[in-house]
Amino acid sequence: TLDGIWVDEPPPEHLWGELDARVRKRRGDIWLTMTPSPWKWPVDWLRGLVADGAISETHFGLTPENCTPLGGLPFYSAEEIERFRIMTPPSQRPMRLDGEWEGPAEGSVFEQWSRDTMLRPAAELWEDMRRFGKDVRIGIGIDHGVGIFRQVAVLVAAVGHKSEARVWVLDEYVAGGDTAPQQDARGIWAMLQRNGLRLENVDVWYGDRAHPGSQKKAIGRKTNEILMRQFVKMPDACPKGIFPSKILVPWKPPGSVDYGCTQIHWLQVQGNFKVADNCVHVAECLDKWTGDEQHKDAIDAMRYGTIGLIDRRPMAQTRLRTR
């Protein structure tokens, strides 16, 4: 039994019911300071309470006028607010900056992505990476899709942590159709070989879980364990018959996609995100992905590898070889 509760960020609906019960006896108050975040869980129920007059709502956009105390100076200038706008992904700007309930922007998710400045020759990326020596880490992200161009593996390198990182997308394996696990293992192994790498040079492996369904059963479950077993059967890839690491399943709580895309957006804003020009499919998906399922597989694979490298503790030590 409480007199008041202060909640930071919108809770799920079932939790709101628990909180309301705690203040009912003393007719207490609940304060909610929040940014609407439909990428975490729906907030339609909360909007409904506002519309019904059950709770009152006040919101303000991020402007110099709204950041100025009475008789004081603004604590955010117009220039700083514009910087915040650039650093915020377009799909989140209406909610994070303008006080809106919704309003994902139409168009590409990666607004800052530029072929002119970020799509570079592969040799140039490798030369840039060598400047960081042993601090560079290598990762592979895999999305187990179904159909043409849906099974994708992306080779990523990174140095640094989160928004301070530098990321190089080095290569891609894209299945030309429905493929068997042994074909995918061979395709990923060929991608590593043409970059002068072996399995033990990869610090982080992330492969999305296979989703059940009739279409998926038709070609078999391409789980990470099955893929690892296929590598073990390849004497040129695993001469000792042991896969040197483990293909991890990405942790995907509510909001994980937006979180990963925001991290990549920040890197793009700062010019610390480069893609090799041989990554034709990844570049096309960066051009066209609007947040729906189309073009998402390559984005997911790239995101798994990237976030696994720059947002992982403890950081793995690389074994980068000379190409």
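Helix α1 runs over residues 13–24, where helices (H or I, at least four residues) and strands (E, at least two) are DSSP runs numbered from the N terminus. Its 12 residues reach 17 Å from the first C-alpha to the last, close to the 16 Å expected at 1.5 Å a residue; the expected span is 1.5 Å times one less than the number of residues. The model is predicted, with pLDDT of at least 70 needed for local features and 80 or more for side-chain atom pairs to count, while totals for chains, interfaces and linings use all residues. Residues are numbered from 1 along each chain as its sequence is written, and side-chain values use heavy atoms, leaving out hydrogens and water.

Which residues of α1 are buried? They are W16, L19 and V23, with buried meaning under 20% relative accessible area, exposed over 50% and partly exposed in between (1.4 Å probe, protein chains only). These residues cover an arc of only 65 degrees around the axis, so they sit on the same side of α1; the arc is that of the directions from the helix axis to the C-beta atoms. H14 and R24, on the other side of α1, are exposed. The cover over the buried residues of α1 includes β1 (4–8), β2 (29–33) and α2 (44–51).

Another pair of elements to look at is α7 (residues 181–193) and α9 (residues 224–232), which pack at an angle of about 65 degrees with their axes 9 Å apart. Here axes are lines fitted to C-alpha atoms, for helices over the stretch in contact, and angles run from 0 to 180 degrees between N-to-C directions. The two helices, α7 and α9, are therefore roughly perpendicular to each other, a label for angles of 65 to 115 degrees (under 35 is roughly parallel, over 145 roughly antiparallel, and the rest oblique). On the α7 side, P181, Q182, D184, A185, I188 and W189 meet I226, L227, Q230 and F231 of α9, contact being heavy atoms within 4.5 Å.

Then there are the loops. Most residues other than glycine have a negative phi. R27, in the loop between α1 and β2, has a positive phi near 55 degrees, and R27 is exposed at 72% relative accessible area. H295 lies between α11 (280–288) and α12 (296–310); the phi of H295 is also positive, near 70 degrees, and H295 is partly exposed at 22% relative accessibility.

As for the whole chain, the secondary structure comes to 12 helices and nine strands, and buried residues make up 44% of the 323 residues.
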